[in-house]
Every structure is written in structure tokens, then in C-alpha cells.
Amino acid sequence: MKGLHVIGVSHAYGNNKVLNNVSLMIPAGELVCLLGPSGSGKTTLLRLAAGLERLQQGEILINDEVVANAKMHLPPEHRGIGLMFQEYALFPHLSIIDNVTFGLDGQPKDKAHRRAMEMLDQVGMTAYAESYPHMLSGGQQQRIALARALAPEPKLLLLDEPYSGLDTNLRGQIREDTLSVLKASGVATVMVTHDPEEAMFMADRIKILGNNGRILQAGRPHDIYYHPQHEFVAKLFGLMNRFESVVKDGHVDIPLGRIPAKGLENGRKVAVLVRPEGVTLTSNGGAKSAAGAPLEVVSTHLLGHDNIVRVALTADNVPASERDVYVRIHHTFEPELSQQITAGIDPEYAFIFPTDEEGESTGTGNRLLSVSQPEAAE
Ligand SMILES: Nc1ncnc2c1ncn2[C@@H]1O[C@H](COP(=O)(O)OP(=O)(O)O)[C@@H](O)[C@H]1O
Ligand SMILES: [Mg+2]
């Protein structure tokens with residue numbers, strides 16, 4: 001298979017076990033984001049793929065060729081990879097065109113020059129060929145780094161948090177530009193990030209690396225968001241409402257309403273996580289017997305297109321730990337403080353995870369709410 005194939009890789013620095021039997025496959029033409037918290041081993045995995053770190057256990061193949069295993073280590077320059085790592089910034093003393101030509105030193109000069117200009121054209125930077133890195137903005141330098149990485153037509157492109165140094169506005173634009181250049185090149189790309197929104201935006205597939213050095217879940221962005229298989233994954237995307245409940249006759253009840261839970265046995269303890277956009281608010285016009293959970297609005301925060309509304313559920317039977325609920329709602333809905341409204345739930349944004357006696361989720365939840373098949377184990 002063309003692309004990157006990582007098989008059973010474990011890695012430790014001294015006693016610090018960083019990667020634990022990680023396997024993944026990144027086919028040519030796909031952009032895969034490796035998403036995980038800081039310290040979870042993302043950079044280590046990229047450095048192993050690049051050959052900047054010696055492999056301790058497992059095997060790595062690029063386009064079906066073994067580049068590292070217990071016995072052999074192909075040096076980085078023979079792996080045919082393009083790198084965009086923070087420590088591989090542009091050479092300050094070289095002009096832009098010389099930076100991009102740098103990886104083409106095996107080729108005849110005029111051919112290398114033509115290729116470099118072609119790459120500058122692709123990233124919209126031909127006008128800067130004779131400039132020097134310090135004359136460029138951060139975003140422009142990123143474009144040059146991308147052109148430099150792609151110029152030798154690598155088999156594989158490895159990007160390590162390439163936009164972390166850029167401000168938010170710039171990041172949006174450069175992500176889009178990068179995507180179109182990468183799609184045109186058809187190169188297999190692994191991009192490491194700790195930013196879930198960045199991964200959602202960029203990736204064909206996302207692999208989630210947990211704190212235990214294992215891949216927790218792999219799938220398309222839609223699956224990761226709508227069918228998280230671990231509480232950890234569900235919580236990656238920001239604010240979550242968490243309730244504890246028990247399965248009864250194929251459903252679970254939480255203060256916001258009832259959610260189907262087919263396939264889980266009666267009496268099973270579960271945690272129910274509800275995204276703020278899965279909480280619905282309804283004005284009951286002051287009616288006494290309105291459906292839904294009664295509440296008080298605590299505060300509202302405008303986030304641009306949406307509001308985040310914090311409410312407190314007021315029914316007597318709601319446990320104290322579950323009273324505070326976050327609601328994400330379209331900005332035109334601006335609940336007046338203490339207006340008469342009730343809360344309900346959209347089950348599409350609710351995820352059920354079996355828990356142990358302490359209420360910690362055991363991780364293999366939510367099969368019942370998945371409509372799509374989970375990605376085959378790799
Ligand atoms: N060269 C190294 N020597 C010792 N420990 C390291 C080295 N590189 C990384 N680590 C440790 O390995 C763990 C994972 O690091 P890293 O792969 O950089 O994670 P991430 O990129 O996900 O933030 C961290 O605990 C880090 O301190
Ligand atoms: Mg890192």
C-alpha cells in the first residue's frame with residue numbers, strides 16, 4: 001500500500017513509556033490528523049516515522065518499503081519524506097528561492113530552479129522569490145516551508161503543529177490554502193495537532209492518541225464528533241454536560257429527558273455526556289404543566305454565531321452535581337434572565353458510556369447510538 005504504515009510501535013524514554021503498541025495506516029492522498037493532548041507522544045511518533053529517532057519496537061513502512069524495525073534504520077534523508085517541524089524553520093541566511101531549492105540539490109540547477117518556482121507559484125509566493133525569511137509574515141513563512149517540503153515530491157509529508165505560532169485569523173486562511181495545495185499534490189500527509197477544531201477542519205481521518213500512548217479511536221471527523229467511543233474523545237471538543245444514570249428497559253433517564261439505550265442490559269450504570277448543542281430550550285409561555293426540565297438562566301455568553309447559556313435545573317429531584325447545564329444555541333435566541341423556559345434533549349448529541357462502580361467510564365460505550373460502522377481495527 002502506498003503511504004505510511006506503522007505497525008505495533010512502542011517507545012519509551014528511560015522509564016517513561018510514551019507510545020504503547022501504536023498501529024496506523026495513512027494511504028497516499030489522505031490527510032490524517034493525529035490528535036492528542038500535549039505530552040501524549042505525537043511528536044515522538046512523527047520523529048520515528050521520519051527516522052529522527054531510533055525505533056525501539058515495531059515496524060514502519062513507507063510505500064511498502066520497510067524503513068525501520070528492530071534490526072534496521074533507514075536514515076531520514078533516504079526515506080523520501082517532507083517535514084514541517086517547528087525546529088526545521090526556514091534558513092534565515094538563504095533567500096526564499098534558495099530555501100525551496102535546498103532539498104533539490106541532487107538535480108541539475110535549472111531543473112531545480114524550475115521546480116522551486118513551480119512550488120512558489122502553487123503557494124502564491126512567486127513575487128517573494130528573492131526575499132529573505134525575516135521580510136515575510138509568519139503565514140507567508142509557513143507557505144514557503146510547505147513549498148520547500150513538497151518540492152522534492154516526497155512520498156510522505158509530516159507536519160508537526162504547523163500553525164501553532166500563528167494567530168487565529170491567519171490560521172483559518174492558511175489551513176485552507178494548505179489543504180488545496182496538499183490535495184493537488186496527492187501526497188500522504190500526517191499532521192499532528194492538539195487542536196480538535198483544526199483536526200476536524202483539515203483531516204480526512206482523525207486518529208486520537210490518548211494519555212496512555214494508545215490510539216483510542218480512529219475515524220472520519222463526523223464519526224469522532226457524533227460517535228465518540230470513549231468519554232475522553234467526547235470531551236475533546238470542549239464543554240460537555242455529564243450525567244450519571246442507570247439503564248432501564250432500553251433507555252436511560254437524565255434530568256433533561258429520556259434517551260434510547262438499546263443493547264445495554266438493565267441495571268447497567270452509565271455516564272451520559274450531552275453536547276451543549278444537544279440541549280434544547282423551549283419557552284413554555286408560563287404554562288404550569290409544560291413538558292421539559294424546569295430551569296433558571298444563570299448567564300449567557302455570545303460567541304459570535306452562537307450563545308452559550310448556562311442554566312440551573314430547578315426540579316427537586318436533580319442531584320446538585322447535575323444542576324448546572326451548558327446550552328449552545330443560535331444567537332437570535334436570547335433568553336431573558338428568569339424567563340419561563342424548559343430544557344429538553346436531542347439524543348443525537350448525547351453519548352452513553354458504561355461506567356464502573358466509581359462512575360468512571362470504562363471506555364467502550366456508545367455502540368448503540370452509532371449508525372455508522374466503526375473503522376476496522378488497524
Ligand atoms: N528526547 C526526549 N527525551 C526524553 N523524554 C522525551 C523526549 N522527547 C519527548 N519526551 C517525553 O515524551 C513524552 C511525549 O512527548 P512528545 O512526543 O513530544 O509529545 P507531544 O508531541 O504529544 O506533546 C513527554 O512526556 C516528553 O517529556
Ligand atoms: Mg509535540
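I began with Ser131 and found it buried, with a relative accessible area of 12%. I counted it as buried because the cut-off is under 20% relative accessible area. The model I am reading is a predicted one.

Next I looked up where Ser131 sits: in the loop that joins helix H3 (109–122) to helix H4 (138–150). I then listed its contacts, leaving aside neighbours within four places in sequence, and noted Ser95, Ile96 and Leu136.

I turned to the division of the protein. I noted domain 1 as 3–226 and domain 2 as 239–362. For their spacing I read 40 Å between the C-alpha centres of domain 1 and domain 2.

Then I went to ligand 1. Around ligand 1 I found Tyr13, Asn16, Val18, Pro37, Ser38, Gly39, Ser40, Gly41, Lys42, Thr43 and Thr44. I sorted this shell by class and got three nonpolar, seven polar and one charged residues.

I asked which elements supply at least two residues each of the shell, and noted strand E2 (16–27) and helix H1 (42–50). H1 gives the largest share, three residues.

I checked distances to oxygen atoms of ligand 1. For Lys42 I read 2.8 Å from a polar side-chain atom to an oxygen atom of the ligand. For Thr43 I also read 2.8 Å, again from a polar side-chain atom to a ligand oxygen atom. For Ser40 the atom is a backbone N or O, and I read 3.2 Å to an oxygen atom of ligand 1.

Last, I looked up how far ligand 1 is covered: taken alone it exposes 560 Å², and the protein buries 58% of that.

Key:
Residues are numbered from 1 along each chain as its sequence is written. Chains are lettered from A and ligands numbered from 1 in the order in which they are written. This is a predicted model: local features need pLDDT of at least 70, side-chain atom pairs count only at pLDDT 80 or more; totals for chains, interfaces and linings use all residues. Side-chain values use heavy atoms; hydrogens and water are left out. Helices (H or I, at least four residues) and strands (E, at least two) are DSSP runs, numbered from the N terminus. Buried means under 20% relative accessible area, exposed over 50%, partly exposed in between (1.4 Å probe, protein chains only). Contact means heavy atoms within 4.5 Å. Domain bounds come from an automatic or database domain assignment. A residue is near a molecule or strand if one of its heavy atoms lies within 4 Å of it. A polar contact is a pair of N or O atoms within 3.5 Å; within protein, one must be able to donate a hydrogen and the other to accept it, and residues adjacent in sequence count only if both atoms are side-chain atoms. Accessible areas come from the Shrake-Rupley method with a 1.4 Å probe; for residues, only the protein chains shown count as cover. Ala, Val, Leu, Ile, Met, Phe, Trp, Tyr, Cys and Pro count as nonpolar, Asp, Glu, Lys and Arg as charged, and the others, Gly among them, as polar.
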